[in-house]
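Work through the exercises below with the sequence and the 3D view at hand. Each task is followed by a solution in steps.

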Amino acid sequence: ALSAKLSLVQAKLPKLDKDFGRLIQKSGGYDWVRTKNGPSDRLQRLANFLRTANVLYAAGYQTHDGKEVRLNIAPMVAGTKLIKAPTSGATGSGKKTVRHEDVTVMEAAISTQLA
């Protein structure tokens with residue numbers, strides 16, 4: 001068990017299981033992701049986010065059978081638009097669009113939060 005876990009963290013790229021890290025379906029769908037808020041639901045969402053962030057940081061992943069898949073992140077973030085919800089009591093349309101070019105997700109989130 002320990003050797004299997006060590007091989008996961010020592011790999012150059014994150015290794016995904018046969019489902020490629022896909023969220024599980026509950027009650028026949030994925031509505032639980034946005035509607036359920038129990039401890040296990042929050043933990044599953046967090047685990048999936050961390051898996052996604054790890055793959056993006058590594059710019060690739062390894063399939064369950066050992067095949068390496070490289071990702072080119074730049075086209076994924078080029079022209080990304082974040083829409084920020086208004087604070088309570090705010091006036092206006094309720095939408096704020098901010099364009100981000102050549103920045104990481106965390107940099108985009110921070111600049112949006114500060115805007």
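## Exercise 1: Overall layout

In the protein, 17% of the 115 residues are buried. The model is predicted.

Task: State how many helices and strands the protein has, and give their order from the N terminus.

Solution. 
- Step 1. Count the elements: the protein has 5 helices and 4 strands.
- Step 2. Read them off from the N terminus, which gives α-α-α-β-β-α-β-β-α.
- Step 3. Turn to the contacts between residues at least 6 apart in sequence: 36% of these join residues at least 24 apart.
- Step 4. The accessible surface comes to about 9,000 Å², and carbon and sulfur atoms account for 58% of that.

## Exercise 2: Thr63

Task: Is Thr63 buried or exposed? Locate it in the chain and list its contacts beyond four places in sequence.

Solution. 
- Step 1. Find the position: Thr63 sits in the loop between β1 (60-62) and β2 (68-70).
- Step 2. Apply the cut-off, under which a residue is buried if its relative accessible area is under 20%. Thr63 has a relative accessible area of 6%, so Thr63 is buried.
- Step 3. Leave aside neighbours within four places in sequence; Thr63 then contacts Lys15, Leu16, Phe20 and Val69.

## Exercise 3: Salt bridges

Task: How many salt bridges does the structure hold? Describe the pairs Lys26 and Asp41, Asp31 and Arg34, and Glu68 and Arg70.

Solution. 
- Step 1. The structure holds 4 salt bridges.
- Step 2. In the salt bridge between Lys26 and Asp41, the closest N and O atoms are 2.6 Å apart. Lys26 lies in the loop between α1 (2-10) and α2 (32-35) and Asp41 lies in helix α3, so this pair ties together parts that are 15 residues apart in sequence.
- Step 3. Lys26 is partly exposed at a relative accessible area of 25%, whereas Asp41 is buried at 9%.
- Step 4. Asp31 and Arg34 also form a salt bridge, with 3.3 Å between the closest N and O atoms. Arg34 is exposed, at 66% relative accessibility.
- Step 5. The side chains of Glu68 and Arg70 meet in a salt bridge at 3.6 Å, N to O. Glu68 is partly exposed with a relative accessible area of 35%, and Arg70 is exposed at 53%. Through salt bridges that share partners, Lys12, Glu68 and Arg70 are joined into one network.

Note on methods. Residues numbered from 1 in each chain as written. Predicted model: local features only at pLDDT ≥ 70, side-chain atom pairs only at ≥ 80, totals over all residues. Heavy atoms only, no water. Helix = DSSP H or I, 4+ residues; strand = E, 2+ residues; numbered from the N terminus. Buried < 20%, exposed > 50% of the residue type's maximum accessible area, 1.4 Å probe, protein only. Contact = heavy atoms within 4.5 Å. Areas by Shrake-Rupley, 256 points an atom, 1.4 Å probe, with all protein chains shown as cover.
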